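Let's take a friendly walk through one protein model.

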Amino acid sequence: MAIIDVKVPQLSESVSEATLLDWHKKEGEAVRRDENLIDIETDKVVLELPAPADGVLIKILRKAKDAVGSGDVIAQIDTEAKAGAPSPSVSQPKDSSQEKKATAAAVMPAAQKIAAEKGIDPSKIQGTGKDGRVTKGDVLGKKPEAPRAPLPQAMPPINVDQLTKGRPEQRVPMSRLRQRVAERLVMAQATAAILTTFNEVNMAPVMEMRKKYQERFEKEHGTRLGFMSFFVKAAVHALKRFPVVNASIDGNDIVYHGYFDIGVAVGSPRGLVVPILRDADRMSFAEIEKTIGDFGKRAQDGKLGIEELTGGTFSISNGGVFGSMLSTPILNPPQSAILGVHATKDRAVVENGQVVVRPMNYLALSYDHRIIDGREAVLFLVSIKEALEDPARLILEI
């Protein structure tokens with residue numbers, strides 16, 4: 001007998017513990033190396049825990065919903081044991097139920113889960129894994145054959161019709177991510193002197209530039225030219241002028257960061273996540289657009305890594321994609337400022353004494369008044385406004 005422990009992988013320094021989700025295998029079942037045994041939820045991402053070797057799962061030491069830490073032993077695998085049920089002989093005919101079981105066995109658990117979410121029949125996918133098994137990558141590369149099924153949310157789905165009949169209540173547990181978000185929001189409100197300043201920006205120059213170069217940009221770089229790259233570039237442009245907005249508080253010290261790691265808030269089935277554009281000042285418009293697009297896709301698939309969600313010196317939250325007109329975003333500690341971007345709408349404005357219609361966007365900057373004075377906050381937002389209303393400034397860096 002050769003026993004191997006199944007351990008929780010090393011979590012990042014900012015993650016003290018995680019929660020086990022449902023086991024994909026039962027005691028006594030055969031497992032293959034790299035087959036996903038269980039998903040582990042942290043306050044940032046959901047991790048897959050693969051089997052370390054071929055064998056039989058002989059003991060499950062920690063059950064679903066248990067809190068665990070780095071290196072905890074949660075199960076044991078016997079690499080020399082064999083599963084109790086013998087495999088059917090090749091010469092034996094299979095009935096329809098056996099064929100269905102064989103088909104199900106050829107699909108990896110993670111692939112089954114994603115296939116169900118995307119409305120895809122995994123039996124119709126050509127597997128590229130060992131022995132022709134259908135992997136997660138095979139399913140992700142397959143377009144759904146039917147309208148996409150709703151993805152699992154940060155909280156279990158609520159039956160609105162049932163909930164509104166009479167006076168019932170439905171109690172559901174918070175996910176670890178939602179708990180962590182709640183803790184950080186309350187901490188930000190309790191520990192920082194948050195103030196918000198607003199300004200408006202005429203987006204016509206950016207829209208005209210996009211319209212003029214969109215086709216050539218997409219042909220050259222293989223990605224669309226969106227608005228977020230302009231907002232990121234404008235934010236970096238302003239942060240260079242006002243370094244205190246890119247700073248953070250550590251005890252009684254102010255830490256000025258000589259780099260620009262911009263967090264971009266994106267929605268995911270588990271809630272809002274903020275992946276980081278590292279060294280955004282060194283990234284081209286195309287690199288920013290490609291990276292944000294990749295973040296959005298992998299956030300939906302639950303494939304963002306912990307390292308991609310950790311750190312950041314400044315954040316941008318784009319509520320405009322949901323139709324938001326105005327908001328007061330809350331800081332993402334230990335950052336000292338966050339930019340809220342909203343929907344661009346045609347509005348009546350006054351130019352040279354005349355009322356004209358312009359595509360306007362309201363910007364909101366929430367900041368920690370403990371280290372950022374109102375003057376710096378207002379001028380920072382004005383700098384973003386000027387850059388967006390004259391985007392050539394971003395190219396010429398003036």
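## Two residues in one loop

Asn332 sits in the loop between E16 and E17. Strands (E, at least two residues) and helices (H or I, at least four) are DSSP runs, numbered from the N terminus. Before going on, note that this is a predicted model, in which local features need pLDDT of at least 70, side-chain atom pairs count only at pLDDT 80 or more, and totals for chains, interfaces and linings use all residues. Residues are numbered from 1 along each chain as its sequence is written, and side-chain values use heavy atoms, with hydrogens and water left out.

Ser336 is found in the loop between strand E16 (314-318) and strand E17 (337-341). Are these two residues buried or exposed? The table gives the values; buried means under 20% relative accessible area, exposed over 50%, and partly exposed in between (1.4 Å probe, protein chains only).

| Residue | Relative accessible area | State |
|---|---|---|
| Asn332 | 19% | buried |
| Ser336 | 1% | buried |

What does Asn332 touch? Not counting residues up to four places away in sequence, Asn332 is in contact with Arg184, Val274 and Ser315, where contact means heavy atoms within 4.5 Å. Asn332 and Arg184 are 148 residues apart along the chain, yet their C-alpha atoms are separated by 7.5 Å. Their side chains are joined by a polar contact of 2.8 Å. A polar contact is a pair of N or O atoms within 3.5 Å; within protein, one must be able to donate a hydrogen and the other to accept it, and residues adjacent in sequence count only if both atoms are side-chain atoms.

As for Ser336, its side chain reaches the backbone oxygen of Ala247 at 2.9 Å. Beyond four places in sequence, the contacts of Ser336 include Ser248, Leu331 and Tyr367.

## Helix H5

Helix H5 covers residues 176-191. Its buried residues are Arg176, Leu177 and Ala188. They lie on the same side of H5 because they cover an arc of only 105° around the axis, taken from the directions from the helix axis to the C-beta atoms. Val186 and Ala190, on the other side of H5, are exposed. Among the elements covering the buried residues are strand E2 (18-23) and strand E9 (194-202).

## Confidence

The average pLDDT is 83, and 83% of the residues score at least 70; pLDDT is the predictor's confidence in each residue, from 0 to 100. Over residues 85-105 the pLDDT is below 50.

Notes
Expected span 1.5 Å × (residues − 1).
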